[in-house]
Structures are given as C-alpha cells and as structure tokens.
Amino acid sequence: MRKIILIFSLLLYFTISFGTLIAQEKKTGSNDDLLKDSLYAVNKVKVLNYSLKQFDQLFFEFFDKKSDSQLVLTKSEFYNYTVQIAVFSDRLAALYPEQKQIAAENKKKWFAESYQDYLLSKASAKK
C-alpha cells in the first residue's frame with residue numbers, strides 16, 4: 001500500500017511539474033519585431049531580385065537620410081530600410097555560398113537595429 005501511495009505521489013508531482021512547465025507563457029515579440037516581420041514578408045521577393053546597383057542606391061539613400069540632421073525617419077521608414085538591407089544578405093548568401101556565415105551575421109546585425117537607438121542618436125546629435 002505504501003508503494004502505491006509513493007508511486008502515486010511521485011506521478012502526481014511530476015505531472016504537476018510538467019504541467020507548470022507547459023503552462024508558462026510564451027513571450028510575444030515587441031511591436032518592432034512584428035513590424036520587422038511584416039516588412040520582411042512584403043519586401044523579400046522584391047529585394048532578392050535587386051541588382052547590386054539597386055542595393056547600393058538603397059544603402060546610400062538610407063545613410064543619407066539617417067545622417068540628415070533635419071530629417072527624422074518614421075519607425076516604418078527606418079525599419080523598411082534596415083529590413084531591406086537585411087534581406088539583401090540572403091541574396092548575397094545565395095550568390096556567394098562561401099560568404100554564407102558573414103551574410104548571416106550581417107542579416108542579424110541589420111535586424112537588430114533599433115528605432116529607439118536611432119532616435120537617441122538623433123537627439124544626441126542635436127545637442
């Protein structure tokens with residue numbers, strides 16, 4: 001009888017512990033992450049077909065606008081540029097398989113760009 005109670009108790013303990021692990025709430029992405037994901041989906045096919053000239057134009061346009069002290073990009077505009085630059089890393093990885101690791105790191109770097117950091121850099125530049 002004791003063995004049955006002990007086994008039942010252990011089974012109940014592990015069942016409750018396992019249930020608690022499963023019931024933990026999954027973190028949802030921030031609004032920025034949701035915006036980036038939607039922009040990625042919208043721009044992926046278009047950017048994968050960019051020529052290097054088109055990409056250079058996009059890249060320099062972004063840096064010109066980013067460095068313009070009179071212009072502040074909206075969150076959507078900022079992420080549209082950074083996501084498109086990140087997507088182009090996929091194209092480079094496909095074209096140059098030996099550079100796949102570098103392209104993946106660049107993509108990660110561009111996806112990690114933060115609009116909040118951009119606004120802070122704009123505010124510090126005005127001082």
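Predicted model: local features only at pLDDT ≥ 70, side-chain atom pairs only at ≥ 80, totals over all residues.
Local features need pLDDT of at least 70, side-chain atom pairs count only at pLDDT 80 or more, and totals for chains, interfaces and linings use all residues. Residues are numbered from 1 along each chain as its sequence is written, and side-chain values use heavy atoms, with hydrogens and water left out.

**Exercise 1.** Find how many helices and strands the chain has.

*Solution.* Start with the rule: helices (H or I, at least four residues) and strands (E, at least two) are DSSP runs, numbered from the N terminus. By this rule the chain has 6 helices and 0 strands. Reading along the sequence then gives α-α-α-α-α-α.

**Exercise 2.** Check the span of helix α2 (residues 31-48).

*Solution.* The expected span is 1.5 Å times one less than the number of residues.

**Exercise 3.** Work out which residues of α2 are buried, and what covers them.

*Solution.* First, the cut-offs: buried means under 20% relative accessible area, exposed over 50%, and partly exposed in between (1.4 Å probe, protein chains only). In α2 the buried residues are Asp 32, Lys 36, Leu 39, Tyr 40, Asn 43 and Val 47. Next, look at the cover over these residues: it includes α4 (75-95) and α5 (100-111).

Definitions and conventions:
Contact = heavy atoms within 4.5 Å.
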